[in-house]
Amino acid sequence: SNGCLINGSPSQSGINFGTLDFGNNPATFSELTTQLSGTGAGGAGTAFTIQCTTTSYTVRITGNTNSATPGSTVGTPGATPRYLRTASNTQGIAYSVYNDSGFGTEIGDNTNITRASTANGIDSYTLYARIRGGGNSVTVLPGIYTDTLNVNVTY
């Protein structure tokens, strides 16, 4: 049967595709952006790779942990609601995920992620994220905000 290697791993689930890390920023931000990191060998890459026995496969974000609107929200939600949240409060920061560094193509749930490049039969994919509409607000509680995107490769 067909199979795929994701970041060189034959595992079927639980693969770490990388991290979208906005870093440490003052709570009074207006807009923040980031690119996928921590992928590939040694966690130093900016793209995750897929190599399949078939060219007929799709890569999609199928959801995320924090899609429900929190009680208090900072930022402008995209077409597909995604929120970074702390474990200790109900405040969220809205963010969107994109295929391109110009933030022109938002990736919604169950929408194919566009291949960035192909070399030697290995396809590379990268993701970008943006927080818009922070409004330089003093209401953002300092802390570590997280979310988990679920990615599905169907072949």
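The largest pocket has a volume of about 1000 Å³. On a 1 Å grid over the protein atoms alone, a pocket is an open set of points with protein on both sides within 12 Å along at least five of seven lines, and its lining residues have an atom within 4 Å of a point. Grid points are joined across faces, edges and corners, and the volume is the space filled by probe spheres set on the points. This is a predicted model, in which local features need pLDDT of at least 70 and side-chain atom pairs count only at pLDDT 80 or more, while totals for chains, interfaces and linings use all residues. Residues are numbered from 1 along each chain as its sequence is written, and side-chain values use heavy atoms, with hydrogens and water left out.

- The largest pocket is lined by 42 residues, and Thr19, Leu20, Asp21, Leu84 and Asp147 are the closest to its centre.
- Two or more lining residues come from each of β1, β2, β3 and β13 (149-154); strands are DSSP runs of E with at least two residues, numbered from the N terminus.
- β13 gives the most to this lining, with 4 residues.

**Open sheet**

- An open sheet is formed by 4 strands in the order β2-β3-β12-β9, with antiparallel pairing; two strands pair if DSSP finds at least two bridges between them.
- β2 (19-20) and β9 (96-98) stand at the edges with a single partner strand each, so one side of each has no neighbour in the sheet.
- β9 is joined by 3 bridges to β12 (residues 128-131), and the two strands run antiparallel.
- Ser96 stands opposite Arg130 in β12.
- In general, strands of a sheet pair through backbone hydrogen bonds.

**Nonpolar core**

- The largest nonpolar core has 28 residues, of which Phe48, Ile50, Val59, Ile113, Ile131 and Val153 touch the most other members.
- A nonpolar core is a set of buried Ala, Val, Leu, Ile, Met, Phe, Trp, Tyr and Cys residues joined through side-chain atoms within 4.5 Å; buried means under 20% relative accessible area, exposed over 50%, and partly exposed in between, with a 1.4 Å probe and protein chains only.
- At least two residues of this core come from each of β1 (4-6), β3 (32-37), β4 (48-52), β5 (58-64) and β12.
- β4 supplies the largest share of this core, 3 residues.
- Not counting residues up to four places away in sequence, Ile113 touches Phe48, Val59, Arg60, Ile61, Asn99, Ile107, Tyr125 and Leu127; contact means heavy atoms within 4.5 Å.

**Salt bridges**

- The structure holds 2 salt bridges, each defined as a side-chain nitrogen of Lys or Arg within 4 Å of a carboxyl oxygen of Asp or Glu.
- Asp109 lies in the loop between β9 and β10 (117-119) and Arg82 in the loop between β6 and β7, 27 residues apart.
- Asp109 counts as partly exposed because its relative accessibility is 30%, whereas Arg82 is buried at 0%.
- Asp123 forms a salt bridge with Arg115, with the closest N and O atoms 3.3 Å apart.
- Asp123 is buried at 9% relative accessibility, whereas Arg115 is partly exposed at 40%.

**Two loop threonines**

- Thr80 is in the loop between β6 (72-74) and β7, and its relative accessibility of 13% makes it buried.
- Leaving aside neighbours within four places in sequence, Thr80 is in contact with Glu106, Gly108 and Asp109.
- Thr86 is in the loop between β7 (83-85) and β8 (91-94), and Thr86 is buried at 10% relative accessibility.
- Not counting residues up to four places away in sequence, Thr86 touches Gln91, Gly143, Ile144 and Tyr145.

Key:
On a 1 Å grid over the protein atoms alone, a cavity is a set of points where a 1.4 Å probe fits but cannot get out, and a pocket is an open set with protein on both sides within 12 Å along at least five of seven lines; lining residues have an atom within 4 Å of a point.
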